[in-house]
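Hi,

Here is the structure I promised to pass on to you. Have a look at it first, and then read on for what I found in it.

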Amino acid sequence: MLVAPSILSANFLDLGSEIRSICEAGCDYVHIDVMDGHFVPNLTIGPLVVKEVAKISSKPLDIHLMVENVSFFVDMFAAFKPEFMSVHIEEEKHLHRLISHIRNYGIRPSVVLNPHTTEEALKYIIEDIDMVLVMSVNPGFGGQKFIPNIYKKIQNLKDMILSTNPNCLIEVDGGINQHNIELLKEAGADIVVAGNYVFSSDDYQKAILSLR
Ligand code: DX5
Ligand code: ZN
């Protein structure tokens, strides 16, 4: 299992040292939640901060855009060369075009499903993407409770991926901890995002290893 700590739960007054700590603790990606106060009822960080994070992170960035007018933000954050850029299917009218646009930057495109969005919505885009990000909470905040019907969605998605694009990864985001990690692996998850679980622990390395 690959692990991407979400810096949403980091100490923002000490962000540089938090980023270094999770990288040294062996995370695989640094997950960055960009929120605009419109698509979700919260505001987080913009390009000035992400630019500095990109400079000091020794691990690739995994940017999750929870914003309206998403193509504008894709262009804004592409400059920081993340490994993955995830865009919500609920927001974008011209998803196929946007996915190609992300790939043209040399960034691996990923599509996000909110908890209520069916995996079948990916049928005509799954072959064009490198990852599906499955939300296991309603996006907007860290530290929320995991929604259990997500297991079935991941299983269905895994079946779809195996028959269409076996290299496509499944990432799961929200409420992940030591209690649900095994079932997520069994269901077919490849990467987990963990904010509260990692950053509220006393030992980041131990927390990351326990998920892996
Ligand atoms: C929620 C974000 C998540 C969040 C996960 O909108 O997309 O990445 O930070 O945090 P935890 O692991 O605390 O649920
Ligand atoms: Zn996220």
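Predicted model: local features only at pLDDT ≥ 70, side-chain atom pairs only at ≥ 80, totals over all residues.

In what order do the eight strands come? The order is β1-β8-β7-β6-β5-β4-β3-β2, in an open sheet with parallel pairing. Its edge strands are β1 (2-5) and β2 (30-35), each of which pairs on one side only. On average, neighbouring strands are turned by 25 degrees against each other, direction ignored.

β6 and β7 run parallel and are joined by five bridges; Met 135 has Asp 173 in β7 as its bridge partner. Three bridges link β7 (residues 169-173) to β8 (residues 191-194), also in parallel, and here Val 172 is partnered with Val 192 of β8.

Next, helix α8, residues 204-211. Which of its residues are buried? They are Tyr 204, Ala 207, Ile 208 and Leu 211. These residues lie on the same side of α8, because they cover an arc of only 95 degrees around the axis. The general rule behind this is that an α-helix has 3.6 residues a turn, so residues three or four places apart point the same way. The buried residues of α8 pack against β1, α1 (15-24), α6 (181-187), β8 and α7 (196-199). On the face turned away from them you will find the exposed residues Lys 206 and Leu 209. The N-terminal end of α8 is capped by Asp 203, with a side-chain oxygen 3.1 Å from the backbone nitrogen of Gln 205.

There is also a ligand to look at. Ligand 1 has 20 residues around it, and those that come nearest are Gly 140, Gly 143, Asp 173, Gly 175 and Gly 195.

- Ser 6 places a polar side-chain atom 2.9 Å from an oxygen atom of ligand 1.
- Gly 175 has a polar backbone atom 2.8 Å from a ligand oxygen.
- Asn 196 has a polar backbone atom 2.9 Å from a ligand oxygen.

Is Asn 180 buried or exposed? With a relative accessible area of 5%, under the 20% limit, Asn 180 is buried. A polar atom of its side chain lies 2.9 Å from the backbone oxygen of Gly 175. Leaving aside neighbours within four places in sequence, Asn 180 is in contact with Phe 146, Tyr 151 and Gly 175.

Finally, find Pro 115 in the loop between β5 and β6 (131-135). Pro 115 counts as buried, at 15% relative accessibility. Not counting residues up to four places away in sequence, Pro 115 touches Met 135, Val 137, Asn 138, Pro 139, Ile 147, Ile 150 and Lys 153. Its C-alpha atom is separated by 21 Å from that of Leu 2, which is 113 residues away along the chain.

Enjoy exploring!

Best wishes

Notes
Residues numbered from 1 in each chain as written. Chains lettered and ligands numbered in written order. Heavy atoms only, no water. Pairing = 2+ DSSP bridges. Helix = DSSP H or I, 4+ residues; strand = E, 2+ residues; numbered from the N terminus. Axes fitted to C-alpha atoms, helices over the stretch in contact; angles between N-to-C directions. Buried < 20%, exposed > 50% of the residue type's maximum accessible area, 1.4 Å probe, protein only. Arc of directions from axis to C-beta. Contact = heavy atoms within 4.5 Å. Polar contact = N/O pair within 3.5 Å; in protein donor to acceptor, adjacent residues only side chain to side chain. Near = heavy atom within 4 Å.
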